[in-house]
Amino acid sequence: MKTLTLPDRGSTATRHAQRWRLAPWAAAAATLVFSGCALRALEPGASIASTRERLGQPVVEHGTPDGGRRLLYPMGLQTYALEFDARGSLLRSENVLDEAHFARITPGQSREEVRRQLGLPSRVWGVRYRNQTVWSYSFDDLFCRQFHVGLTPEGAVDDTSFGPDPRCEERRFFPD
């Protein structure tokens, strides 16, 4: 008779801790799925009112040069810009958290211009030796990076860079 050896799954506390580590990822995935469905349901020509009814209030809203409106909705690791014409009809929507949009952020732009282009940052922190406030944007990236915008005390873009996203770092020094 052979003895069946089961792998050690660790203590109940360890399994419970592992389950809780996955909880934020599961919540983020659910948010992306449900918000993505709502966004796909918006057809070109949809009104601003129906968009607000479906998606709620945007985090950023501003006018466009042609008299239209631009609404930004964060959805997990993406932020969608919905552009409406002067009559209030949806023209297009696009994810603004990608390298093409990041390349449009240049030194000298104002904090408000960055907010209008990319929406609200994932994290805001300071770099004392440069006297900067840094806005960090987490985005959907194969290499798990964040985009950083360094702002002067006056609110102008000083520099931009990419760096590792802390949400992806492993717990290397304190294993369970």
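**Reading the terms in a predicted model**

Helix α2 is followed by Gly56, a residue whose phi is positive, near 90°. The model discussed here is a predicted one.

Q: What is the order of the elements of the protein from the N terminus on?
A: The protein has 4 helices and 8 strands, and from the N terminus on these elements run α-α-β-β-β-β-α-α-β-β-β-β.

Q: Which residues of helix α2 are buried?
A: In α2, which spans residues 48-55, Ile48, Thr51 and Leu55 are buried.

Q: Why is Ser136 called buried?
A: Buried means a relative accessible area under 20%, and Ser136, at 0% relative accessibility, therefore counts as buried. Ser136 lies in strand β6, and, not counting residues up to four places away in sequence, Ser136 touches Pro121, Ser122, Arg123, Trp125, Gln146, Phe147 and His148. For the protein as a whole, 35% of the 176 residues count as buried.

Q: What makes a set of residues a nonpolar core, and which residues make up the largest one?
A: The residues must be buried, must belong to a list of kinds such as Val, Leu, Ile and Phe, and must be joined through side-chain atoms within 4.5 Å. The largest such core has 12 residues in all, namely Leu97, Phe102, Ile105, Val114, Leu118, Trp135, Tyr137, Phe139, Phe147, Val149, Leu151 and Val157. At least two residues of this core are supplied by each of α4 (111-118), β6 (132-138) and β7 (145-151), and the largest share, 3 residues, comes from β7. Apart from it lies another core, of 11 residues, among them Leu55, Met75, Leu82 and Leu90.

Q: With which residues is Val157 in contact, leaving aside its neighbours within four places in sequence?
A: Val157 is in contact with Ile105, Thr106, Pro107, Gly108, Gln109, Val114, Val149, Gly150 and Leu151.

Q: How do you know that a disulfide joins Cys144 to Cys168?
A: A pair of cysteine sulfur atoms counts as a disulfide if the atoms are within 2.5 Å, and for Cys144 and Cys168 the S to S distance is 1.5 Å, so this pair is joined by a disulfide. A search of the whole structure finds 1 disulfide.

Q: Why is this disulfide called right-handed?
A: The torsion about the S-S bond of Cys144 and Cys168 is about 60°, and the disulfide is therefore right-handed.

Q: What parts does the pair tie together?
A: Because Cys144 lies in the loop between β6 and β7, while Cys168 lies in the segment after β8 (157-164), the pair ties together parts that are 24 residues apart in sequence.

Q: Are Cys144 and Cys168 buried or partly exposed?
A: The cut-off for buried is under 20%, and partly exposed lies between that and over 50%. Cys144, with a relative accessible area of 14%, is therefore buried, whereas Cys168, at 33% relative accessibility, counts as partly exposed.

Q: What makes the phi of Cys144 worth a remark?
A: Cys144 has a positive phi of about 55° although it is not a glycine. Most residues other than glycine have a negative phi. Asn131, placed in the loop between β5 (123-127) and β6, also has a positive phi, near 55°, and is a residue other than glycine.

Q: Which residues form one aromatic cluster?
A: Phe102, Phe139, Phe147 and Phe162 form one aromatic cluster, and the structure holds 5 aromatic pairs.

Q: How do you know that Arg145 lies over the face of Phe162?
A: A charge over a ring must be within 6 Å of the ring centre and within 35 degrees of the ring normal. Arg145 is at 4.5 Å from the ring centre of Phe162, and Arg145 lies over the face of this ring.

Notes
Residues are numbered from 1 along each chain as its sequence is written. This is a predicted model: local features need pLDDT of at least 70, side-chain atom pairs count only at pLDDT 80 or more; totals for chains, interfaces and linings use all residues. Side-chain values use heavy atoms; hydrogens and water are left out. Buried means under 20% relative accessible area, exposed over 50%, partly exposed in between (1.4 Å probe, protein chains only). Contact means heavy atoms within 4.5 Å. Rings of Phe, Tyr and Trp (its six-membered ring) pair if their centres lie within 6.5 Å; planes under 30 degrees apart count as stacked, over 60 as edge-to-face and the rest as tilted.
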